[in-house]
Amino acid sequence: MFFNVEIARTISLSYNAVCKPICKELDLPQTAFDILMFLGNNPKYKTAGEIVEIRHIKANLVSVNVDKLVKEGYLERKSVKGDRRKTELRCTEKAEAVIARGREIQNVFLNKMLENLDEETLKTFFFALNVIKENLNSILEKEEKK
């Protein structure tokens, strides 16, 4: 039994479709909006390198979109004390309003995606996701020890 790639593709296409109006309104490419939401939703990640590694977005695409977000006032760069080569990305006050709207869009999207699933099915689904996460972490730990 394999995960159907069409499910992941359809989720991605649907999510991009519901984000299109805010991207158009803000004159931001989808990738820039995704980077902003990633940083807003995951404050422990702060660098372009982490975006590349975790989101699997090409470095040059991250660079171009981070530059746009900085230029538009959504992000600012801050040097990391003790490491002159490392720069942290910080969301600005202007970004906070966009991130809040983005979270609303994400919540509506998630609720719509899970619509028509009863409470027991949802409970089982989220339980299964947590077990899968634990299994994957176990695989990673085992492989890292090699």
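Which helix holds Phe 126? Phe 126 is found in helix α6, residues 119-144. The points below begin with the model as a whole and return to Phe 126 later.

1. Basis of the note. This is a predicted model, in which local features need pLDDT of at least 70, side-chain atom pairs count only at pLDDT 80 or more, and totals for chains, interfaces and linings use all residues. Residues are numbered from 1 along each chain as its sequence is written, and side-chain values use heavy atoms, with hydrogens and water left out.

2. Overall architecture. The chain contains six helices and two strands, where helices (H or I, at least four residues) and strands (E, at least two) are DSSP runs numbered from the N terminus. Along the sequence, these elements follow the pattern α-α-α-α-β-β-α-α. The C-alpha atoms fill a box of roughly 45 × 45 × 25 Å, taken along the principal axes.

3. Burial and surface. Of the 146 residues in the chain, 23% are buried; buried means under 20% relative accessible area, exposed over 50%, and partly exposed in between, with a 1.4 Å probe and protein chains only. The chain exposes about 11,000 Å², and carbon and sulfur atoms supply 55% of that area. Accessible areas come from the Shrake-Rupley method with a 1.4 Å probe; for residues, only the protein chains shown count as cover.

4. Contacts across the sequence. A contact means heavy atoms within 4.5 Å. Among contacts between residues at least 6 apart in sequence, 48% join residues at least 24 apart.

5. Helix α2. This helix covers residues 30-41, has 12 residues, and reaches 16 Å from its first C-alpha to its last, close to the 16 Å expected at 1.5 Å a residue. The expected span is 1.5 Å times one less than the number of residues. Because 10 of the 12 residues of α2 are buried, the helix is largely enclosed by the rest of the structure. The buried residues are Gln 30, Ala 32, Phe 33, Asp 34, Ile 35, Leu 36, Met 37, Phe 38, Leu 39 and Gly 40. They pack against α1 (5-26), α3 (48-55), α4 (59-71), β1 (75-80), β2 (83-91) and α5 (93-113).

6. Leu 89 in strand β2. Leu 89 has its place in strand β2 and is buried, with a relative accessible area of 8%. Leaving aside neighbours within four places in sequence, Leu 89 is in contact with Leu 39, Lys 46, Thr 47, Ala 48, Ile 51, Val 66, Glu 76 and Arg 77. Another residue of interest is Leu 36, one of the buried residues of α2. Leu 89 and Leu 36 are 53 residues apart in sequence and 9.9 Å apart in space, C-alpha to C-alpha.

7. The nonpolar patch. Phe 126 counts as partly exposed, at 38% relative accessibility. Together with Phe 125, Leu 129, Ile 132, Leu 136 and Ile 139, Phe 126 forms a nonpolar patch on the surface, with about 540 Å² of accessible area in total. Patches are made of residues with over 30% relative accessible area and no salt bridge; like charges are joined within 9 Å, and nonpolar side chains (Val, Leu, Ile, Met, Phe, Trp, Tyr) within 5 Å.

8. Salt bridges. A search of the whole structure finds seven salt bridges, each a side-chain nitrogen of Lys or Arg within 4 Å of a carboxyl oxygen of Asp or Glu. One of them joins the side chains of Glu 6 and Arg 9 (3.6 Å, N to O). Both residues lie in helix α1, three residues apart, about one turn of the helix. Glu 6 is partly exposed at 40%, and Arg 9 is partly exposed at 48%.

9. Two further salt bridges. The side chains of Glu 115 and Lys 112 meet at 3.1 Å, N to O; Glu 115 is partly exposed at 42%, whereas Lys 112 counts as exposed at 53%. The side chains of Lys 146 and Glu 143 meet at 3.3 Å, N to O. Lys 146 counts as exposed at 72%, while Glu 143 is partly exposed at 42%.

10. Cysteines. With a disulfide taken as a pair of cysteine sulfur atoms within 2.5 Å, the count comes to zero disulfides. Cys 19 is in no disulfide, and the nearest cysteine sulfur, that of Cys 23, is 5.8 Å away. That separation is too far for a bond. Cys 19 counts as buried at 0% relative accessibility, and Cys 23 counts as buried at 6%.
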